[in-house]
Amino acid sequence: MPLPLYLLALAVFAMGTSEFMLAGLLPDIALDLGVTVGTAGSLTSAYAIGMIVGAPLVAASARNLPRRPALLGFLLVFAAAHAVGAVSTSFALLFCTRVVAALANAGFLAVALTAAAALVPPDRKGRALAVLLSGTTLATIAGVPGGAVLGTELGWQATFWTVTALCLPAAAGIVEGVPAEQDACGVTGKPALRRELSRLTRPPLILVMLLGALVNAATFGGLTFLAPVVTGTAGLGELWVPVALVLFGAGSFVGVTVAGRLSDRNPGPVVTVAGPLLLIGWPALAVLAHRPVALFTLVFVLGALSFALGSTLIARVLHEAAGAPTMAGAYATAALNVGAAVGPVAAGATLGTGAGPLGPLYVSGLLIATALLIAFPFLRVVTGVRSGEARL
């Protein structure tokens with residue numbers, strides 16, 4: 001894999017850390033800025049909405065820019081938003097910086113997904129996306145727990161400054177590492193925006209975007225509320241929560257890496273194996289959550305399966321949107337973040353029911369079941385094997 005891919009992954013690592021780090025910082029932010037924890041929680045919603053809305057809008061506005069300047073510009077805006085956030089004494093200002101950061105993140109990821117695919121031959125797109133998305137999985141392994149520890153020891157502002165600092169070597173790497181040839185490809189030979197948007201009317205693209213959103217909703221629905229399962233159902237101390245998160249992140253890294261090697265040549269086994277196993281795995285986690293060994297084992301396995309299936313479906317989005325070279329990444333980003341926004345809301349709604357902290361795990365299983373029911377009649381399309389038997 002070319003070096004620029006790893007430089008892009010470093011930026012994605014910083015952005016992934018920022019997206020998830022607030023989970024451990026909200027109480028301190030609320031206390032410091034004089035708001036309730038519930039109000040501080042709106043910072044997470046602001047980021048998710050900014051990612052969903054920003055992906056297509058920012059990508060469309062930047063489509064006439066060469067990829068290298070676009071990537072650099074988005075990354076620097078992202079870094080600046082965190083620097084301003086670190087010195088904020090007003091919740092309103094901090095809220096605004098989160099929206100700006102989300103928009104920059106969405107724009108960067110939308111361009112980076114298409115740039116990563118363009119850096120390698122067509123038969124290695126899946127592996128290239130695996131390298132890029134490994135930045136997000138590594139953020140869940142190291143970035144988020146590390147940010148929580150840093151925030152506890154030095155204040156939440158230190159975590160914001162650290163994210164800013166991570167962007168600087170990534171920016172230098174983009175300047176030096178992303179080849180100028182990418183710039184030429186970015187401004188010549190593009191179809192009209194209307195033609196790129198018309199790809200969204202194609203049923204195969206809509207199908208894989210919907211499936212990607214459902215799988216990501218299941219992933220983040222279960223992950224977001226993993227802490228009360230660890231401390232409540234399993235009866236473990238709070239120090240075991242980061243352990244569970246790290247295991248999920250480690251599993252996700254393994255899943256993305258393995259799936260990346262399969263999704264180019266034969267994505268079928270990933271879809272047909274990971275999907276049913278997730279359907280079994282999320283409810284199994286709810287049933288066995290009171291047993292710590294089973295809990296941590298399943299957390300690792302579910303992380304691997306969730307990201308293996310999710311990254312494969314996102315690769316399928318890029319394949320189906322091949323006629324939209326500047327917007328394909330935006331479609332993939334939007335699908336990912338619709339799931340990331342909807343999943344925790346649906347899962348959180350069960351916390352006040354009789355299911356208690358196990359409710360989100362059953363919701364994740366239900367979301368996977370929905371995805372499988374939708375995918376089954378069109379399995380050949382989902383796995384990239386077209387035939388007269390499976391036309392949309």
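The protein chain has 18 helices and 0 strands. Helices here are DSSP runs of H or I with at least four residues, strands are runs of E with at least two, and both are numbered from the N terminus. This is a predicted model: local features need pLDDT of at least 70, side-chain atom pairs count only at pLDDT 80 or more, and totals for chains, interfaces and linings use all residues. Residues are numbered from 1 along each chain as its sequence is written, and side-chain values use heavy atoms, with hydrogens and water left out.

Start with the whole chain. Of its 392 residues, 54% are buried. Buried means under 20% relative accessible area, exposed over 50%, and partly exposed in between (1.4 Å probe, protein chains only). The chain exposes about 15,500 Å², and carbon and sulfur atoms supply 71% of that area. Areas come from the Shrake-Rupley method with a 1.4 Å probe; for residues, only the protein chains shown count as cover. Contact means heavy atoms within 4.5 Å. Among contacts between residues at least 6 apart in sequence, 83% join residues at least 24 apart.

Now take helix H11, residues 203-224. Its 22 residues reach 31 Å from first C-alpha to last, close to the 32 Å expected at 1.5 Å a residue. The expected span is 1.5 Å times one less than the number of residues. H11 is mostly covered, with 18 of its 22 residues buried.

Helix H8 (residues 156-177) holds threonine 159. This threonine is buried, at 2% relative accessible area. Beyond its neighbours within four places in sequence, threonine 159 is in contact with Met21, Leu25, Gly147, Leu150 and Gly151.

Next, the surface. Leu138, Phe253, Val254, Val258, Leu262, Phe300 and Val301 form a nonpolar patch there, with about 500 Å² of accessible area together. Helices H13 (240-262) and H15 (292-320) are the elements that give two or more residues to the patch. H13 gives the most, with 4 residues. Patch residues have over 30% relative accessible area and no salt bridge; like charges are joined within 9 Å, and nonpolar side chains (Val, Leu, Ile, Met, Phe, Trp, Tyr) within 5 Å. A salt bridge puts a side-chain nitrogen of Lys or Arg within 4 Å of a carboxyl oxygen of Asp or Glu. Valine 301 lies in H15. Valine 301 counts as partly exposed because its relative accessible area is 34%.

Last, the cysteines. The structure holds 0 disulfides, a disulfide being a pair of cysteine sulfur atoms within 2.5 Å. Cysteine 96 is partly exposed, at 45% relative accessibility. Cysteine 167 is buried, at 2%.
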